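Dear colleague,

Please find below the sequence and structure that I am handing over to you. My notes follow directly after them.

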Protein chains: 2
Amino acid sequence: MGVSVKQVAQLAGVSVGTVSNVLNRPDTVRPETIHRVHDAIEALGYVRNDAARQLRAGQSNQIALIVLDMGNPFFTDVARGAEDRAAHYGRTLLLANSDESATREAAHLDQFERQRVSGVLLVPTADAAEHVARLRARGVPVVLVDRGSGDHTIASVAVDDVSGGRLAAMHVLAQGRERIAFVGGPSSLHQVRDRCAGARAAVREAGADDLIVVDTPGLTLDAGREAGERLRAMVRAGTCDAILAANDLIAIGLQQALLAGPDGVRIPEDVALVGYDDIAFAAAAVVPITSVRQPRDAIGSTAVDLLVAEGEKSTNDARQHVVYQPELVVRASSQPG
Amino acid sequence: MGVSVKQVAQLAGVSVGTVSNVLNRPDTVRPETIHRVHDAIEALGYVRNDAARQLRAGQSNQIALIVLDMGNPFFTDVARGAEDRAAHYGRTLLLANSDESATREAAHLDQFERQRVSGVLLVPTADAAEHVARLRARGVPVVLVDRGSGDHTIASVAVDDVSGGRLAAMHVLAQGRERIAFVGGPSSLHQVRDRCAGARAAVREAGADDLIVVDTPGLTLDAGREAGERLRAMVRAGTCDAILAANDLIAIGLQQALLAGPDGVRIPEDVALVGYDDIAFAAAAVVPITSVRQPRDAIGSTAVDLLVAEGEKSTNDARQHVVYQPELVVRASSQPG
DNA sequence: CGCCATTGATGAAACGATTCAAGTAGGTTC
DNA sequence: GAACCTACTTGAATCGTTTCATCAATGGCG
């Protein structure tokens, strides 16, 4: 069943070494020989065995990316950026989903380590530190994605989430809104904590009411919808006039719950709504959602760049930390009205 | 850098064969020896090299899944179903995205073939036939996903899209709508063709006006929005009172464009809207969208089941073809009003 | 004509895990 | 005590590719 170089060599009337040369350094082989070998490959339907190649080479040319939620378009966009960039370096991207579970994350990391991937791009769960340390101890390059590492020895690419939270808050404050809620969770996620912290700082500085924090079990549509039920009452009661969501999935869920039913509230008249990530669905909502945009493609591609650079460093060299600044995209959901 | 069985064996004072036995058939090894070997593994931080294992084994335990659009939640849900099922068989799922491009699809297939994956689940592009044939000729099991193969020699799992299109059309016909449009494309995709055919058949049988077909360059939000601009005028002119979208991304884009601006139309009063796939965002739209639900998880998990069964068949055995029936989920966007 | 440089091809060694026939030690039975 | 089991362990062979020192052939040059 398996066609190997040996059979190709035999059919072409050359040695296995020559077949390998044809495949990997054709410039050292006589054109006519190349032709003969290619004919044999064609005739036999030979396909190179990556396992053997990789065994000899010591490591693969694959890069792994583990994200928190494949269902979130934000991460699929990051993945797209990373994949394109990886292809540019002649590498393949392996995509995995941790679903915010440290257990699944660890399982994927183990699998990738056995595969001897040339590096791992990780959007870490809250409890990732230990796994990451173990991985690095074994010499696997790691780049943290969507998270500035406090640890200077780990390369990272992130967006300034504190600044993003601040942007969102300042935008609604500028419209005279003073009863601002922040919705998101779990607070163990750095993204959530930082965005919340930024918003809180802005609110404090403006002297508005304290930030109302609504915790959710995850960053999903459902979680947003559920929180929206509670917040609708507050908006009607006049105790809340602006809502900042930790991401767009939450924001979309919120919007649905806020507008729904006979006691629905108006957006932005009764309450302003600001999301985070600027995924395509945010702009497509019927009340298009103002959102804090992150350079999704750039995050992915830069992560790959850092990883490739990482491969050429020794363990003690300084690591690079790229921090992008987010950008506010204003839409109808918060348009001064 | 690389710790191998050899070093583990040395430290534990046993042979490499014994280390392998500890890893793969612990029941044949004395408990005390097992313990010693595990200690050595721990001490050295040994991680098995999958490339070597796989080289020896002849094939990997990985299953590949290639989807048309990673940005479409429908496919990520299918992937999730497949991944869980694969884990159940002790296999790993490799996820790849063809972006509806036959070229990218072929590149992924080549890569997977070099990796000697144990099988491929493929949501095929329009021009996949040739690549698939080549792959199967080399003995790689293939299961077509989201597409009933006319070819009885290829296993497949699909949803009856003709029936789905019919369901959608009959639903709006039952409300007395008679000027029905179908929006989607490119028509080279079977999903689009079949859904359209089903709708057309239902319209014919009911004696309503001929189905208005609006072609789009892809099944995306943007495409839907663009088509919506055109359709809004028709709705206002009274030449269209129901729209069936080829998938939910299109439907969401449509809804946005239909409702937008001063000359926006009302849903469902002026026009009914029906989507396809029933992704989470469809229910979350502010006018929640009626949609044809496909059993996304089941599609993924069944595909894996078929693939595993495939591995035990000879080339000439009959293939299994699973066809699920879709189900209409009625929401406000088409609620009789 | 003999020597050297160049070009092209060779084949054995290596990568790391698994397998399996063969071996050893210890115990049981008659 | 010889013959036979049982329970473990061993070590060489194997998978398919790449690498590299070595070899053969060719042509140029003095």
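Helices (H or I, at least four residues) and strands (E, at least two) are DSSP runs, numbered from the N terminus. The model is a predicted one, in which local features need pLDDT of at least 70 and side-chain atom pairs count only at pLDDT 80 or more, while totals for chains, interfaces and linings use all residues. Residues are numbered from 1 along each chain as its sequence is written, and chains are lettered from A and ligands numbered from 1 in the order in which they are written.

I begin with the backbone. In chain B, the peptide bond between B:Gly185 and B:Pro186 is cis, with omega about -5°. B:Pro186 sits in the loop between strand 6 (180-184) and helix 9 (190-206) of chain B. In chain A, a cis peptide bond leads from A:Ile267 to A:Pro268, with omega near 5°. The loop that holds A:Pro268 runs between helix 11 (248-259) and strand 9 (272-277) of chain A.

Two residues of chain B other than glycine have a positive phi. For B:Glu100 the value is near 60°, and this residue belongs to the loop between strand 2 and helix 6 of chain B. For B:Asp278 phi is about 55°, and B:Asp278 lies in the loop between strand 9 (272-277) and helix 12 of chain B.

Are these two residues buried or exposed? A residue is called buried if 20 or more other C-beta atoms lie within 10 Å of its own, exposed if 12 or fewer do, and partly exposed in between, with C-beta atoms placed from the backbone. B:Asp278 is buried because it has 26 C-beta neighbours inside 10 Å. B:Glu100 has 19 other C-beta atoms within 10 Å and is therefore partly exposed.

A:Val132, in helix 7 (residues 129-137) of chain A, is buried because 20 other C-beta atoms lie within 10 Å. Two residues are in contact if their C-beta atoms, placed from the backbone, lie within 7 Å. Neighbours within four places in sequence aside, the contacts of A:Val132 are A:Leu122, A:Pro124 and A:Val142. A:Leu122 is 10 residues away along the chain, and its C-alpha atom is 9.0 Å from that of A:Val132.

Next come two helix pairs in chain A. Axes are lines fitted to C-alpha atoms, for helices over the stretch in contact, and angles run from 0 to 180 degrees between N-to-C directions. Helix 8 (residues 161-173) and helix 9 (residues 190-206) of chain A have axes that come within 7 Å and cross at roughly 40°. Helix 8 and helix 9 of chain A are therefore oblique to each other; angles under 35 degrees count as roughly parallel, over 145 as roughly antiparallel, 65 to 115 as roughly perpendicular and the rest as oblique. The residues of this contact between helix 8 and helix 9 of chain A comprise 12 nonpolar, five polar and four charged. For these classes, Ala, Val, Leu, Ile, Met, Phe, Trp, Tyr, Cys and Pro count as nonpolar, Asp, Glu, Lys and Arg as charged, and the others, Gly among them, as polar.

Helix 5 (residues 73-88) and helix 13 (residues 296-310) of chain A pack at an angle of about 45°, their axes 7 Å apart. Helix 5 and helix 13 of chain A are therefore oblique to each other. Their contact divides into nine nonpolar, three polar and seven charged residues.

The contact between the chains takes 39 residues from chain B and 39 residues from chain A. On the side of chain B that touches chain A, 19 residues are nonpolar, 14 polar and six charged.

Finally, the DNA. A residue is near a strand if its C-beta atom, placed from the backbone, lies within 6 Å of it. DNA strand D is surrounded by 27 residues, the closest being A:Ser4, A:Val5, A:Ala52, B:Gly17 and B:Thr33. Helix 2 of chain A gives the largest share of this surface near DNA strand D, five residues. That surface near DNA strand D has nine nonpolar, 12 polar and six charged residues.

Around DNA strand C there are 26 residues, and the closest are A:Gly17, A:Thr33, B:Ser4, B:Val5 and B:Ala52. Here helix 2 of chain B gives the most to the surface near DNA strand C, with five residues. By class, the surface near DNA strand C has nine nonpolar, 12 polar and five charged residues.

Yours sincerely
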